[in-house]
Amino acid sequence: MDKNLDNFVRAVRRQSGHTVPAAFIVDSPWLPGYANIDTLDYYLSEDTWLKINLDLRERFPTATWIPGFWWEYGMAIEASAYGSRLIFHHDQPPSVEPLSTDLQFWKEHIKAPNPETDGLMPLVLRQMERMDQRLEPMGLGQHFASARGMLTVTSWFMGVSTLMESLITETETITLILEIVTDSTIRWLDAQLARMREPLGILLLDDLVGMISKRQYLKTIDPLFRKIWDHYDGMIKIYHNDTPCEHLFPVLADTGFNVFNFSHMTDIAAAQKLMGDQVLLMGNVAPRDLGAFGTPEEVYQAAWNCLEKVDGKGMILSFGGGVSPNTPAENIDAMCKAADNWNNKTK
Amino acid sequence: MGDLINTIKEAVIDGDAKTVSANVTAALEQGTDPETILNEAMIAGMAEVGQLFEDGEFFVPEMLVAARAMTAGMQILKPQLVQADVKSAGKVIIGTVQGDLHDIGKNLVSMMLEGASFDIVDLGADVPPEKFVEAVKEQGAQIVAMSALLTTTMPAMKNTIKALEDAGVRSNVKVMVGGAPLSDHFSNEIGADGYASDANKAVALAKKLIAA
């Protein structure tokens, strides 16, 4: 395990001797553009994919990449396994069209996908296996499995309006569907973890959870959410949701994930107050307005403000979301520099 | 009559489409002025829905079912409003910009605007600039509303404004923009007339732009 990831793990496990990590969720909306290549080439050429990901480590020697080496196709992997139509682009990850927006259709036809055979899943699993053969001699590996959460996945195959309305008008039906999606998500994550020599944890991404009321969350989503986190007991569990959803912070705090990558629109000190110290906060410099379009000085100052607000405790320095397309390298440098300076100051 | 109006308004807020439809029909049969049903039941109900959203009481699912209930009532009410020559608040052409298939924000804004008595021309998602231009030429709308959820598709908003300029129709319409990654700063930068951060604020902005 490389030293940055080791420090990240020690920070999450609250072990002594760790410093504040600068960690970034880096994925295919940003990477191909950063490397100035066609998104399709990024997916199709293993050599190119590997080179870009290795170069990233060399270019930013103190950064931690989450989930690390990641075959990421936007929302397409899970949605494709449920039969959604994919539309590929040269300058962004594939987009997805729902197969049907009729809830009754899904009630009758939903089928739990098999990660070994359905949609893009087997392709991604094979890509993971093939890459592992090349990473192992370098002393590197894939350590985190990734998946979209049950609301996001369901929204892509049935349409977000159908899903959201059904939560109120067809609770029983949508709950049955969400249960199938939750179990399938666990199988998808398990299939990825089974390909890893040294699995450390999971990254779950579900912004839609932030768009429902606390009451709705507790009634429908909380048991499913806990089912996923409980399944990975003892592993590192990272949850990404960058919608402004302070109303859920107190109830999310004890569901079972360890790290929360949250919106830049919530003050980090306020977030810590709402969630207590059981969750490590990963954030929360504005990813687009500052990360992509701010100056390095502005990014540095915003990062420093985050560190000062919580005295560098219970946090991982990052953007309040993934790395946005068009984020220049210098702004990631600025964030890493803020973490380095903070760690040197508090040594 | 007051009871029926109040029942319709509460049913809109509760997202109970069946009750809305039944009571709009009953109110019309009793001879209630369609404009009164529109203003005091439907628009008033949706205004309260917007306020509940602002207050953090309502979230996206509650907004959507309320808007659906309002739409159900409007289907019955609309022919009567046309017959009575009741004027709409204005006409809005709305769409998610080219390359972006996300429609939840666009749908919410569309429904809230309809609930505030605007006529809506919904172009759907992934709308190319020329389709916006064509709609402006054909529809005689006062406002073009554009939505984007992806940072990668935000430039399509600027392209659409440029297309409206190139076609010589930019001055015919006000342009409002919205979507999670947007900001006032971005709206000014691309030459839009206004930005709204949520569906309720979009209604206020549309009214302001019409009045300007």
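Reply: This is a predicted model. Start with helix α9 of chain B, residues 199-211. The helix has 13 residues, and at 1.5 Å a residue these should span 18 Å. The end C-alpha atoms of α9 are 19 Å apart, which agrees.

Now look at burial along α9(B). B:Ala199, B:Asn200 and B:Ala202 are buried. Keep the helix geometry in mind here. An α-helix has 3.6 residues a turn, so residues three or four places apart point the same way.

Chain B has nine helices and five strands. In sequence order they run α-α-α-α-β-α-β-α-β-α-β-α-β-α. The radius of gyration of chain B is 17 Å, and the globule rule gives 17 Å for 212 residues, so chain B is as compact as a globular protein of that length. The C-alpha trace of chain B spans about 50 × 35 × 30 Å along its principal axes. Of the 212 residues of chain B, 54% count as buried. Contacts across the sequence matter to the picture too. Take the contacts in chain B between residues at least 6 apart in sequence: 75% of them join residues at least 24 apart.

Then the domains. Chain B splits into domain 1 (2-83) and domain 2 (90-211). Their centres, taken over C-alpha atoms, are separated by 25 Å. At the contact between them, 14 residues of domain 1 of chain B meet twelve residues of domain 2 of chain B. On the domain 1 side, α3 (34-54) and α4 of chain B are the elements that give two or more residues. That side of domain 1 has eleven nonpolar residues, two polar and one charged.

Last, the partner chain. The contact between the chains takes 16 residues from chain B and 22 residues from chain A. On the chain B side, α4 (60-83) and α5 (104-115) each supply at least two residues. Helix α4(B) gives the most to that side, with six residues. By class, the side of chain B that touches chain A holds eight nonpolar, six polar and two charged residues.

Note on methods:
Residues are numbered from 1 along each chain as its sequence is written. Chains are lettered from A and ligands numbered from 1 in the order in which they are written. This is a predicted model: local features need pLDDT of at least 70, side-chain atom pairs count only at pLDDT 80 or more; totals for chains, interfaces and linings use all residues. Two residues are in contact if their C-beta atoms, placed from the backbone, lie within 7 Å. Helices (H or I, at least four residues) and strands (E, at least two) are DSSP runs, numbered from the N terminus. Ala, Val, Leu, Ile, Met, Phe, Trp, Tyr, Cys and Pro count as nonpolar, Asp, Glu, Lys and Arg as charged, and the others, Gly among them, as polar. The radius of gyration is taken over C-alpha atoms; the globule rule is 2.2 Å times the number of residues to the power 0.38. A residue is buried if 20 or more other C-beta atoms lie within 10 Å of its own, exposed if 12 or fewer, and partly exposed in between; C-beta atoms are placed from the backbone. The expected span of a helix is 1.5 Å times one less than its number of residues. Domain bounds come from an automatic or database domain assignment.
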